[in-house]
Amino acid sequence: MKYTTEIIVNIPLEAFIKKLDNPENMKHWQRGLVGYDYISGTPGDIGAKMKLLYKMGKRDMELIETITHKKMPHEFHVNYDTKGMHNIQENYFEETMDGQTKWISKSEFIPTGFMLRMMTLIMPSAFKKQSKTYMQDFKNFAEKGTSVANA
């Protein structure tokens with residue numbers, strides 16, 4: 001399943017990247033994030049791997065993030081792997097004429113298990129909604145300092 005999500009964030013590209021590229025900020029815009037640990041590679045560099053731990057209701061989830069491409073400030077691509085799902089994320093950033101930042105995120109979800117394969121077929125809107133929520137939460141954090149850390 002593939003889709004593209006876009007959002008305009010009302011801060012300049014340089015400030016946008018500074019907030020996005022700081023792992024300490026993730027808790028402010030990724031709901032349910034409990035913590036992260038670097039696994040291998042140089043943090044922030046291509047090939048670096050990080051374990052992300054989430055609490056989604058009563059469910060614990062672990063993702064492995066691998067940076068696959070980085071041409072900052074305009075491109076940042078990562079893969080996320082968890083039990084039953086491989087997610088390819090291509091992120092593109094551009095500064096608008098008004099000094100805002102346009103964030104375009106291309107997502108591809110590749111289920112590796114039956115249940116998640118069914119979810120991508122039956123409920124694709126749930127994946128799209130989650131992507132849009134993360135982007136909106138980042139926008140609120142970047143523009144207003146609003147954090148979802150205790151949400």
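This briefing describes aromatic pairs and salt bridges in the structure above. The model is predicted, so local features need pLDDT of at least 70 and side-chain atom pairs count only at pLDDT 80 or more, while totals for chains, interfaces and linings use all residues. Residues are numbered from 1 along each chain as its sequence is written, and side-chain values use heavy atoms, with hydrogens and water left out.

**Aromatic rings**

- Across the whole structure there are ten aromatic pairs, where rings of Phe, Tyr and Trp (its six-membered ring) pair if their centres lie within 6.5 Å, and planes under 30 degrees apart count as stacked, over 60 as edge-to-face and the rest as tilted.
- One of them joins F16 and F93 in a tilted arrangement, with 5.3 Å from centre to centre and 50° between the planes.
- Because F16 lies in helix α1 (residues 13-20) and F93 in strand β6 (residues 85-95), the pair ties together parts that are 77 residues apart in sequence; helices (H or I, at least four residues) and strands (E, at least two) are DSSP runs, numbered from the N terminus.
- Both F16 and F93 are buried, a term for under 20% relative accessible area, with exposed meaning over 50% and partly exposed in between (1.4 Å probe, protein chains only).

**Salt bridges**

- The whole structure holds six salt bridges, each a side-chain nitrogen of Lys or Arg within 4 Å of a carboxyl oxygen of Asp or Glu.
- Among them is the bridge between D137 and R31, whose closest N and O atoms are 2.6 Å apart.
- D137 counts as buried at 5% relative accessibility, whereas R31 counts as partly exposed at 35%.
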